[in-house]
Amino acid sequence: MTIELGALPAEVQALVLSQGRLQALQELDLVLASDRDLDRLARLAAGLAGASMAGLCMVGAGDERFASAHGLATMARPLGLGAFTIAGHESGMVLADAVADGRFSAEMCGGARFYAGVPVIVHGQKLAALCVMDERPRDGFDTDLCDRLVDLAGVAGTLLELKREAAVRDRIASELMREKWRHALTLEAGKVGSWTFNLVTGKVSGNDMLRQMYGLPPGASMRIDDLLARTEPDDVETFNAALQQSVTQDADFAVEFRLLSGRRLSARGRVYERDASGQPRVMMGITIDMTEAREAAEHTRHLLLELNHRVKNTLAMTQSIARQTMRQKPDPLEFIDSFSGRIRTLADAHSLLADRDWAGVGLIELVQSQVEPYALAAGDRLTVSGADAQLPPDHALGLGIILHELASNAVRHGALSGETGHVAVAWEIADGTLTLDWLEQGGPAVTAAPMIGLGSRLIHRSLDKILGSQVRLDFMPDGVQAQIRLPLS
């Protein structure tokens, strides 16, 4: 017959299902897979007892299995021999003929007749039975051999405790190693230099990111004097003052300083080890390269100042254009048409500058943006030629307005208003000065009247902010001619 857990005596059930025992058994699973030391113990037990079978029988909540075995199968068996062994006396349980005992079936005995088992105790819990078995029954079992089996069970328990502790240490060491690598990768990805500074010896231990900041090769040894030698002399005193304040006042170490290489660093740390008298021994901390952040902040500051300046100028220019256009074009429809064109010119120039962080605009790009809309209607009657050059923001805004006024006037009144006129835009750069010529030919006969007014004033005044600039506007009978001179320096 097969004994189920519920059929076991109450005291055996209570021990088998003890939560402390089951918890200890679960933790022991870390070390039970294919263990050669436990197999040696099983062979040694079989040899001492002169038995054909021996093993370490682990007693679970619902079955028994052998963690090590000699001469028998390790498959799971119903609760029985092992459960009764751990529930009995620590001196063990001996059965001359287990099959003949009414408590056990042949299935539980696994082909064995003689059985002797001793509890194996791990951390105060009876987890297993060290047992020896034989296919034939025995009339008796030597008491001395029982004592030796008890000793072997004690060795097995100690061995399991040691192996469990070793497995736990290995797991912790592995987790610590993973954490160390994760920490190192995080610092590397964040471009953070970590360091440990021995205040007694002056030695600095750190990661390669710190060495990279100071221009040192990977793995190079570091001392505080070596690092200060690479620091700007004016900042060494600041560094030392912050360090002194930290160690004497038990305050956080925090300082920004520059290196001779031009890099700007920020270091933060704290004393974490002192000797018996309270004197600081070791400081730990991090260093961050602030160079790019500072440059970005400075660049942003300049952009905001530039933007503020440009917005004020643009608002003033827009207000002036609106007033002048209203005076010249009191009719609402004419005002909207003329004013909208001039505002679009400003917007286009601003868009070009904004796309380039207000660093300037290429001359060819500016000319194309202001002239090409009219070139589509004029076909090959409008030609543009000249080498490219970088225009500062004020130059680009002023020249953009001039080109717009000249082009729109050419379409309304000048060479592009008919079918035979031609416009040539050409420029050259010499001695740091841009000279741009606008030449109209073949259009209607020209008088000064069409250009007198706001358009003419815008052309003359658009470059007032640029020292050394000149604008000459001539109303020749064959067409309007304009020459713009701009110093590019």
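The talk below sets values from this predicted model against the definitions behind them.

Tutor: Ground rules come first. This is a predicted model, where local features need pLDDT of at least 70, side-chain atom pairs count only at pLDDT 80 or more, and totals for chains, interfaces and linings use all residues. Residues are numbered from 1 along each chain as its sequence is written, and side-chain values use heavy atoms, with hydrogens and water left out.

Student: How many helices and strands does the chain have?

Tutor: The chain has 14 helices and 19 strands. Both are DSSP runs numbered from the N terminus: helices are H or I with at least four residues, strands E with at least two.

Student: What makes T291 buried or exposed?

Tutor: Buried means under 20% relative accessible area, exposed over 50%, and partly exposed in between, with a 1.4 Å probe and protein chains only. T291 has 7% relative accessibility, so T291 counts as buried. Across the 489 residues of the chain, 42% count as buried.

Student: Where does T291 lie, and which side chains does a polar contact join to T291?

Tutor: T291 lies in helix α10, residues 291-328. A polar contact is a pair of N or O atoms within 3.5 Å; within protein, one must be able to donate a hydrogen and the other to accept it, and residues adjacent in sequence count only if both atoms are side-chain atoms. The side chains of T291 and D289 are joined at 2.6 Å. Those of T291 and R263 are joined at 3.4 Å. Both values pass the distance limit.

Student: Which residues is T291 in contact with, leaving aside its neighbours within four places in sequence?

Tutor: R263 and R264. Contact means heavy atoms within 4.5 Å.

Student: Why is C57 in no disulfide?

Tutor: A disulfide is a pair of cysteine sulfur atoms within 2.5 Å. By this rule the count comes to 0 disulfides. For C57, the nearest cysteine sulfur is that of C131, 5.6 Å away.

Student: Are C57 and C109 buried or exposed?

Tutor: C57 has 4% relative accessibility, so C57 counts as buried. C109 has a relative accessible area of 1%, so C109 is buried.

Student: What makes β14 and β18 edge strands?

Tutor: Two strands pair if DSSP finds at least two bridges between them. 5 strands form an open sheet in the order β14-β16-β17-β19-β18, with mixed pairing. β14 (382-385) and β18 (470-476) each pair on one side only, and they are the edge strands. The twist averages 10° from one strand to the next.

Student: How do you know that β14 pairs with β16?

Tutor: 4 bridges join β14 to β16 (residues 422-430), and the two run parallel. That count meets the rule, so they pair. S385 stands opposite A426 in β16.

Student: Which helix lies across β16, β17, β18 and β19?

Tutor: Helix α13 (residues 393-412) does, running at about 10° to β17 (433-441). Axes are lines fitted to C-alpha atoms, for helices over the stretch in contact, and angles run from 0 to 180 degrees between N-to-C directions.

Student: Why is D431 called exposed?

Tutor: D431 has a relative accessible area of 82%, so D431 is exposed. D431 sits in the loop between β16 and β17. D431 has a positive phi of about 55°, although it is not a glycine.
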